[in-house]
Amino acid sequence: MTTNGKPKFAMYWAASCGGCEIAVLNIHEKILDVDANFDVVFWPVAMDAKYKDVEAMEDGSILLTLFNGAIRNEENEHIAKLLRKKSKILVAFGSCANEGCMPALANLTPIDEIVETVYSTISTDNPQNIHPQASYQAPEGELTIPKLFPIVRTLDQVVDVDYYMPGCPPESHQIAAVIDLVIQVLQGKAELPPKGSVIGAGPSTVCDECTRKRGLKTIREFKRIQDVQIDPEICLLEQGILCSGPATRSGCKALCPAAGSPCIGCYGPAEGVLDYGARLLTAVASVIDSNDPEEIQKIIEGIPDPAGMFYRFNLAGSLLRASKPAWDIK
Amino acid sequence: MERISIDPITRLEGHGKIDIFLDDEGNVANSYFQIPELRGFERFCVGRQVEEIPILTNRICGVCPEAHHMAGAKAVDAVYHVDPPRTAKMLRELLYSAFFVADHTTHFYALAGPDFVMGPDAPVAERNILGVIHKVGLEIGGKVIQARKFGHLVIEMIGGRKVHPCTSIPGGLTKGITEEQRQEIEQMGRWAVEFGQFSLKLFEDIVLKNSTYLDLILGDIYTHRTHYIGLVDENNKVNFYDGKVSVVDPEGNRLGKYAPNEYTEWIAEHVEPWTYLKFPYLKKVGWKGFVDGKESGVYIATPLSRLNAADGMATPRAQEEYEKFYKTLGGKPVHQRLATHWARLIELLYAAERWVELATDPEITSDNFRTIPTEKPTEGVGIVEAPRGTLTHHYWTDERGIATQVNLIVGTTNNYAALQMSTNKAARALIKGGKVNEGILNMVEMAFRAYDPCFGCATHSLPGQMPLEITIRDKSGNPIHVLNQNL
């Protein structure tokens, strides 16, 4: 199954920012362990391997593929299906592949409206309202670019996924731990977790990792961070700042709250949570200290963009997946 | 008509794609450099709380989220009409200087360096960072890792995280730094200055003292006489975080300087139907197509352009190197794109010196790291220099601070027209009578690499190296020859 006796490893990026790749490089010397234990057969950022080389491989011949990025266009879907076929273990790596991440906020808007916005901004000189075409007949011949799908999808909405590794990006210490585990499995010293498991993260919530002091969580007003003199020690939610800690899976060591910035939810839903936004909404509702409907209404108005705040990372992976207008053209 | 496609290895990866068409004589008729992906941040940032956008736009690019976070931070300051305290500005610039050291290091040693250290004709298998380490010694590899590590440590101390920093808010930062952290940052900065000097010495020994390389740099194939832009301080010295954008013509005359909120008077973006990426150009000169010269609005925004657009560097060691740069290359402006690598190292040294300056400022540990805004939010523009070019973020909000409109002109995008031209020029020079050889790959590759293109930023597709495949097709479109290589 391998040319040099070592199991094969691949890493691929679909619609993503490249932060996952940087996070992998940030494991520093640990990257040498990957090299020592795996035959890296496909990793566009780090090495020269060809798509047709992957196509020529036997099905299931890559032991481990870390797939980051969401499914935004035809290319992304094509590669996802190809790597699924060629890989024994396919890991959805990072928030985009797991739940869509921020680019999935595009699912609130029909795709033609997104395209129209981009090619008509204030600095765009486009009197003929030209939009890029999937197929364009240039004087010299046909030029093609991949077609965008109506909505952003997660990896497991396109192919079967074996494991889920959350984070935007996954923290380097978690990546290092997962690599150690896989190497131990190869050496017969450990067993793989059950298929479908979340790996490289904790089972509880960011609140459980956060060192800020928590008292009785009750608030009468939500505040925007720019309006608050942030107390360096007290729970941010108790200070009225909308923090996603209560709904978000642990594993990052609560980095953002430690830096005075609320958790934004990049590790996705905590164990057993079906819909991230619904869970966060419930958690937030439970801290509102009022029984007066009018006052409650006023408190809720302190969160002017609930879609963006509750589904910042998780829209594609949520029960909603997209707004109705974005769905309709599918 | 015969066609040559330079395609990413997969043709389905979303990296970038070049189609070269040959005429009946087998010479280049035209070429198209296409960008195949779009994510649409300008639309889905609308409706969001505006203070979220510096965090949302981090996800445009995981290689330079620091640049988006800083441009975004300055834009939200402007939206709220708030001037952050001196300490806040210095902390942001300190983070940003450390980031520049790490990013320029990665580019020079891992991406561009192999061409010079190993030589443009070296086997592909050796033209990588491991080849460089093998040739120049393990010790240098250690220094490269150290420079990246130190940069990311400072980013985490000030920005809260190593990737996608989160601490900049309208009016300043959510936290400051302690005296203990300051000492650590200063120490790392002093090491970075030495590393910057070391890198320039290495460049001198390996490249400048080698007449073959020097000829390659000065040769015509990598030369374009375009306009140049770059952020400068009040003394017209290069600055990455703040100031006005200086614009110079191909003869080096300064056409003017624009403040962030004046950018629409200077920059416009042209649209073509065959690519998702737009082509920015100088509005006052006009879009004349993919041509260089004084009459064409095509400009570039790179380390080379920043040096060309400024009068010098604000730190002493970098200024010495700046003077040597122009003395060696025959005065300002320098049009030879391969000189960008040298310019990048001069910027690296400047960033390291600035890192130490800021880390030793008595106010850097002050608790006065934010101003709470008091005015109603409206509209604001933030501009910083990303390593790969001038980065512009423009937000409009309603009275609640909800974004109603967003415009972004991102680093690499500035250079798209020039990248298209460089491809064309390399192809025309190297493909004659239908004959193509392995050499074109190296040459096209080097033409690109000088710009350090990051299509993660530009197109919201994918950053890093760009694997290319060239397919030569006959008139019916059948592939007759395939070459490929990592860019």
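**Close-up views of a predicted two-chain model**

**View 1. Contact between two domains of chain A.** Eleven residues of domain 1 of chain A are in contact with eleven residues of domain 3 of chain A (two residues are in contact if their C-beta atoms, placed from the backbone, lie within 7 Å). On the side of domain 1 of chain A that touches domain 3 of chain A, helix 5 (residues 95–99) of chain A gives the most, with three residues. Helices (H or I, at least four residues) and strands (E, at least two) are DSSP runs, numbered from the N terminus. By class, this side of domain 1 of chain A holds three nonpolar, six polar and two charged residues. Here Ala, Val, Leu, Ile, Met, Phe, Trp, Tyr, Cys and Pro count as nonpolar, Asp, Glu, Lys and Arg as charged, and the others, Gly among them, as polar. Chain A is divided into domain 1 (8–100 + 154–186), domain 2 (108–150) and domain 3 (202–330), with bounds that come from an automatic or database domain assignment. The C-alpha centres of domain 1 and domain 3 of chain A lie 30 Å apart.

This is a predicted model, in which local features need pLDDT of at least 70 and side-chain atom pairs count only at pLDDT 80 or more, while totals for chains, interfaces and linings use all residues. Residues are numbered from 1 along each chain as its sequence is written, and chains are lettered from A and ligands numbered from 1 in the order in which they are written.

**View 2. The contact between chain A and chain B.** Chain A contributes 67 residues to the contact and chain B contributes 80 residues. Helix 1 of chain A supplies the largest share of the side of chain A that touches chain B, five residues. That side of chain A comprises 37 nonpolar, 19 polar and eleven charged residues.

View 3. Three strands form an open sheet in the order 6(A)-9(B)-10(B), with mixed pairing; two strands pair if DSSP finds at least two bridges between them. The edge strands, strand 6 (124–125) of chain A and strand 10 (279–282) of chain B, each pair on one side only. Strand 6 of chain A and strand 9 (residues 267–270) of chain B run parallel and are joined by two bridges. A:Asp125 has B:His270, in strand 9 of chain B, as its bridge partner.

**View 4. Helix 11 and helix 12 of chain B.** These two helices, helix 11 (residues 316–329) and helix 12 of chain B, pack at an angle of about 165 degrees, with their axes 8 Å apart. Axes are lines fitted to C-alpha atoms, for helices over the stretch in contact, and angles run from 0 to 180 degrees between N-to-C directions. Helix 11 of chain B and helix 12 of chain B are therefore roughly antiparallel to each other (angles under 35 degrees count as roughly parallel, over 145 as roughly antiparallel, 65 to 115 as roughly perpendicular and the rest as oblique). The contact of helix 11 with helix 12 of chain B has eight nonpolar, no polar and three charged residues.
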